[in-house]
Amino acid sequence: MRPSNRQNNEIRSIEIIPHFNPYAEGSCLIKCGNTHVVCTASVEDKLPAWLKGQNKGWITAEYGMLPRSAQTRIPREIKKGPSGRSQEIQRLIGRALRAVVDLEAMKDISVCIDCDVIQADGGTRTASITGGYVALALALEKLQKEGKLPVNPLKGMVAAISCGICNGECVVDVDYEEDSHAEVDMNFVLTNDNKIIEIQGTAEGAPFDEAQFNQLLSLAKAGIAQLINKQKEALGR
């Protein structure tokens, strides 16, 4: 039995609260068990310099953990800039969200997704992607209603989940206690039709085989299907 008393194919309780921030064009608070992330989407009429004249829009992301989001205090990154880990995660979030958006339908519009972890218990990057999509979708819907976008540029949905091999067993939605001693740690980013955007995987202990990978992928697909249903509920779809 897992430390959380969940079945191997059982994800944590999920709650997505839309419109959490009254000032952002789109926002939500996502709760994946004891991992809580505030995701906000801010619309800006500016693009990276290298995109000038390309008739495209852009989506980027920033990620950070509040000082007491974890068991011990995490120093703020404001003085030294984002850590290597934070940079890697925010780039992952940006890639994941851009994969389901027609950037050409967002001409000269930029959206920044801020993901602020207020409580961490594993899976903060995957929760940020899942919640970040909801914040982005709300912002794009708002722009379309205001006539700033002729069509909604979303091409699909995206969510993410972590899986792992713990004590020789494949499990889904790994929390911190499991992640800290997992033999294999993997993050899956998939669309609503099970297309793969990104897979990050590492054998922390013994190598794993193809059959185990396929089992982890199967667990991820089932878990992400549940996350996407939660996204739809939050978006009123």
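**A tour of charged pairs and cysteines**

Select arginine 6 to begin: its relative accessibility is 7%, so this residue counts as buried. The term buried means under 20% relative accessible area, exposed means over 50%, and partly exposed covers the values in between, computed with a 1.4 Å probe on protein chains only.

The structure on the screen is a predicted model, in which local features need pLDDT of at least 70 and side-chain atom pairs count only at pLDDT 80 or more, while totals for chains, interfaces and linings use all residues. Residues are numbered from 1 along each chain as its sequence is written, and side-chain values use heavy atoms, with hydrogens and water left out.

**First stop: arginine 6 and its partner**

Side chains of opposite charge can pair when their charged atoms come close. A salt bridge is counted here when a side-chain nitrogen of Lys or Arg lies within 4 Å of a carboxyl oxygen of Asp or Glu. Arginine 6 belongs to the segment before strand 1 (14-18), and aspartate 175 to the loop between strand 7 (169-172) and helix 3 (176-179), so the pair ties together parts 169 residues apart in sequence. Helices (H or I, at least four residues) and strands (E, at least two) are DSSP runs, numbered from the N terminus. Aspartate 175 is also buried, at 7% relative accessibility.

In the whole structure, the search finds 11 salt bridges.

**Second stop: two strands**

Select glutamate 15 and lysine 31, a salt bridge whose closest N and O atoms are 4.0 Å apart. Glutamate 15 is in strand 1 and lysine 31 in strand 2 (residues 26-32), so this pair joins parts 16 residues apart in sequence. Glutamate 15 is partly exposed, at 39%, and lysine 31 is partly exposed, at 26%.

Move to glutamate 233 and lysine 230, whose side chains meet in a salt bridge (4.0 Å, N to O). Both lie in helix 4 (residues 210-235), 3 residues apart, about one turn of the helix. Glutamate 233 is exposed, at 55%.

**Last stop: the cysteines**

How many disulfides are there? With a disulfide taken as a pair of cysteine sulfur atoms within 2.5 Å, the count is 0. Select cysteine 163, which is buried at 0%; the closest cysteine sulfur, in cysteine 170, is 8.5 Å from its own, too far for a bond. Cysteine 166 is buried at 7%, and its sulfur is 9.3 Å from the closest cysteine sulfur, again in cysteine 170 and too far for a bond.
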